[in-house]
Amino acid sequence: RSNAEKFEFQAEVSRLMDIIINSLYSNKDIFLRELISNASDALDKIRFLSLTDKEVLGEGDDTKLEIQIKLDKENKILSIRDRGVGMTKEDLIKNLGTIAKSGTSAFVEKMQTSGDLNLIGQFGVGFYSVYLVADYVEVISKHNDDKQYVWESKADGAFAISEDTYNEPLGRGTEIRLHLREEAGEYLEESKLKDLVKKYSEFINFPIYLWATKEVDVEVPADEDDSSDEEEKPESTDGDEEKEEDSDKDEDENKPKTKTIKEKTSEWERLNDVKAIWLRSPKEVTEEEYTKFYHSLAKDFGDEKPMGWSHFNAEGDVEFKAVLFVPPKAPHDLYESYYNTNKSNLKLYVRRVFISDEFDELLPKYLMFLMGLVDSDTLPLNVSREMLQQHNSLKTIKKKLIRKALDMIRKLAEEDPDESHDKDKKEVDESKENDEKRGQYTKFWNEFGKSIKLGIIEDAANRNRLAKLLRFETTKSDGKLTSLDQYISRMKSGQKDIFYITGSSKEQLEKSPFLERLKKKNFEVILFTDPVDEYLMQYLMDFEDKKFQNVSKEGLKLGKDSKDKEIKESFKELTKWWKEALASENVDDVKISNRLADTPCVVVTSKYGWSANMERIMQSQTL
Ligand code: ADP
Ligand code: MG
């Protein structure tokens with residue numbers, strides 16, 4: 001094209017495209033759901049804009065917020081069009097090639113190790129999956145603020161942009177034309193596309209249509225010959241009428257005036273049924289439906305089920321419906337980005353209209369691993385995002401969401417037969433369902449335990465609730481995880497405090513002289529080996545009226561010993577001498593201890609100072 005401007009793909013994007021083009025990944029189907037998901041995002045955007053400015057929707061067909069799929073078998077073109085927000089020339093250049101998203105290199109890396117393209121959408125580069133099936137792609141787009149442009153590329157390191165003077169005007173929106181590769185012919189089969197939309201795009205909240213062929217019965221004069229097929233009469237597709245006529249025909253079979261022939265016509269066929277899952281009653285929604293809904297939210301179509309979900313309807317001053325999921329796995333960058341971003345996985349809808357998935361105000365940071373959706377009837381629709389962010393109801397919604405989320409997590413533990421070793425808990429029933437749930441809390445803990453700890457640090461209001469969800473190993477847990485409730489149920493009579501020790505590994509801790517005496521006296525000690533545990537214990541002071549006592553710190557009391565005072569007195573001179581001798585070594589005090597058994601002496605940290613482990617952590621961080 002004479003008016004085409006050429007651009008080079010950003011280097012990482014180019015590498016990504018190479019990998020996709022040459023991929024042996026067998027599930028090429030994923031491109032379709034990525035395109036439909038982009039179309040749906042674009043429709044969400046224009047619908048959101050139309051809340052404050054009706055004009056943006058235009059008129060006539062442009063007001064129809066829908067997605068259309070068309071097949072051109074002859075030219076091997078599959079096209080997907082939407083009446084979404086569209087892209088300006090600048091958008092096309094930036095979004096489809098020159099600006100790499102943060103996920104691009106992460107995804108390239110992942111690709112090289114796993115080759116699994118399924119998660120492409122999660123990394124924000126789903127569009128490029130079109131090159132799994134096409135060797136040439138055109139993106140025709142019309143945005144309200146610009147003329148119609150065409151982006152095109154053969155994935156050879158470059159793309160071209162030209163003003164569109166040859167295609168039909170789109171009005172508004174985007175049409176993606178895939179020139180399918182030889183071996184991708186199956187995507188020209190209507191049945192294949194219907195199956196794919198059913199499978200992957202069931203929860204798209206806009207109608208998806210396929211320009212589908214339909215065989216219809218057409219009445220033609222009996223004497224006319226079959227070549228007059230082209231003159232179709234769409235009215236005659238009405239089934240009831242035909243039946244009547246059929247029976248008429250049976251009556252005067254000898255002298256038929258008309259006959260019925262099969263004829264092919266095409267019409268838009270709706271492929272999805274858009275009753276939003278969160279608007280239905282939780283009782284009616286099946287486990288399978290929740291799983292599929294989760295997959296579509298997470299852009300992860302693997303076979304893993306979410307670990308748990310909570311679907312509820314909040315009533316009262318602030319009304320909303322919500323579905324929350326605990327994903328089967330932590331996302332690749334969950335803790336990496338913890339302190340820099342606030343990437344929430346919660347979508348906010350107001351009265352069925354998608355508003356944003358970047359609403360930090362809905363869930364606290366430590367729960368951002370949850371996936372889900374909130375649809376509120378109380379929030380106003382026609383205000384800016386900024387105003388919405390300050391709306392009073394958000395606080396109430398957030399509070400309820402946290403409560404429900406923590407309940408959901410607690411249930412994961414309650415339903416897990418492995419969790420209830422307490423005798424006083426109700427008998428574990430050995431049904432199959434329970435077997436499926438066996439070990440689920442340990443799995444949860446391994447994926448998201450750190451989030452619970454961060455929650456204890458950050459969320460004072462829910463600290464106790466979160467502390468109940470805490471799991472750890474102890475000197476008596478035999479390599480298994482245990483909880484504070486279980487620890488307390490095993491406490492020795494007369495034991496007042498909950499004992500713990502922190503360190504870099506279990507092996508190191510088990511050799512610790514600090515544990516000698518406690519072990520001999522049969523006290524259980526919690527072993528904290530995660531660096532975050534040090535911070536955690538600065539916030540977790542007590543649990544159910546029991547104080548936490550770090551056994552490597554000053555102040556450890558293992559119950560009264562009548563001889564304590566006597567011994568202290570008789571060694572007074574010696575401890576004084578030691579104290580003076582060690583003063584230059586930064587030693588604050590020298591004391592008689594009752595915490596040791598075999599080791600003659602230990603260095604302990606003062607009650608209010610950093611533990612030795614904390615010193616270690618701080619040192620490693622300031623490097
Ligand atoms: P993501 O959807 O995660 O942002 P993609 O690679 O799928 O990543 O798409 C890249 C970008 O291209 C989108 O963010 C969007 O800005 C733009 N885009 C893609 N398809 C469309 C479309 N149908 N309409 C409007 N913009 C689109
Ligand atoms: Mg996308």
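This report walks through a predicted model, from the whole chain down to single residues.

Local features need pLDDT of at least 70, side-chain atom pairs count only at pLDDT 80 or more, and totals for chains, interfaces and linings use all residues. Residues are numbered from 1 along each chain as its sequence is written, while chains are lettered from A and ligands numbered from 1 in the order in which they are written.

**The whole chain**

The chain has 19 helices and 19 strands. Both are DSSP runs, numbered from the N terminus: helices are H or I with at least four residues, strands are E with at least two. Of the 623 residues, 31% count as buried. Buried means 20 or more other C-beta atoms within 10 Å of the residue's own; exposed means 12 or fewer, and partly exposed lies in between, with C-beta atoms placed from the backbone. Two residues are in contact if these C-beta atoms lie within 7 Å. Among contacts with a separation of 6 or more, 73% link residues 24 or more positions apart.

**Two open sheets**

Strands pair if DSSP finds at least two bridges between them. Angles run from 0 to 180 degrees between N-to-C directions, and axes are lines fitted to C-alpha atoms, for helices over the stretch in contact.

One open sheet has nine strands in the order 1-6-5-4-7-3-2-8-9, with mixed pairing. Its edges are strand 1 (5-8) and strand 9 (258-270), which each pair on one side only. Neighbouring strands here are turned by 25 degrees against each other on average, direction ignored. Helix 2 lies across strands 2, 3, 7 and 8, at about 20 degrees to strand 3.

Another open sheet has five strands in the order 10-11-14-12-13, again with mixed pairing. Strand 10 (308-314) and strand 13 (353-356) each have a single partner strand, so one side of each is left without a neighbour in the sheet. The twist averages 20 degrees from one strand to the next. Helix 7 (287-298) lies across strands 10, 11 and 14, at about 95 degrees to strand 14.

| Strand pair | Bridges | One bridge pair |
|---|---|---|
| strand 3 and strand 7 (173-180) | six bridges | serine 79 and arginine 177 |
| strand 12 (346-350) and strand 13 | three bridges | tyrosine 349 and phenylalanine 354 |

**A helix pair**

Helix 9 (393-415) and helix 11 (440-458) pack at about 135 degrees, with axes 7 Å apart. That makes helix 9 oblique to helix 11. Angles under 35 degrees count as roughly parallel, over 145 as roughly antiparallel, 65 to 115 as roughly perpendicular, and the rest as oblique. Ile409, Leu412 and Ala413 of helix 9 meet Gln440, Tyr441 and Phe444 of helix 11.

**Around ligand 1**

Ligand 1 is surrounded by 17 residues; the closest are Asn38, Ala42, Asn95, Gly126 and Phe127. A residue is near a molecule if its C-beta atom, placed from the backbone, lies within 6 Å of it. Helix 2 (30-52) and helix 3 (89-98) each give two or more residues to this shell. Helix 2 supplies the largest share, five residues.

Most residues other than glycine have a negative phi. Lysine 76 has a positive phi near 55 degrees. It sits in the loop between strand 2 (67-72) and strand 3 (77-82). Lysine 76 is partly exposed, with 17 other C-beta atoms within 10 Å. Aspartate 478 also has a positive phi, near 65 degrees. Its loop runs between strand 15 (473-474) and helix 13 (484-489). Aspartate 478 counts as exposed, with 8 C-beta neighbours inside 10 Å.
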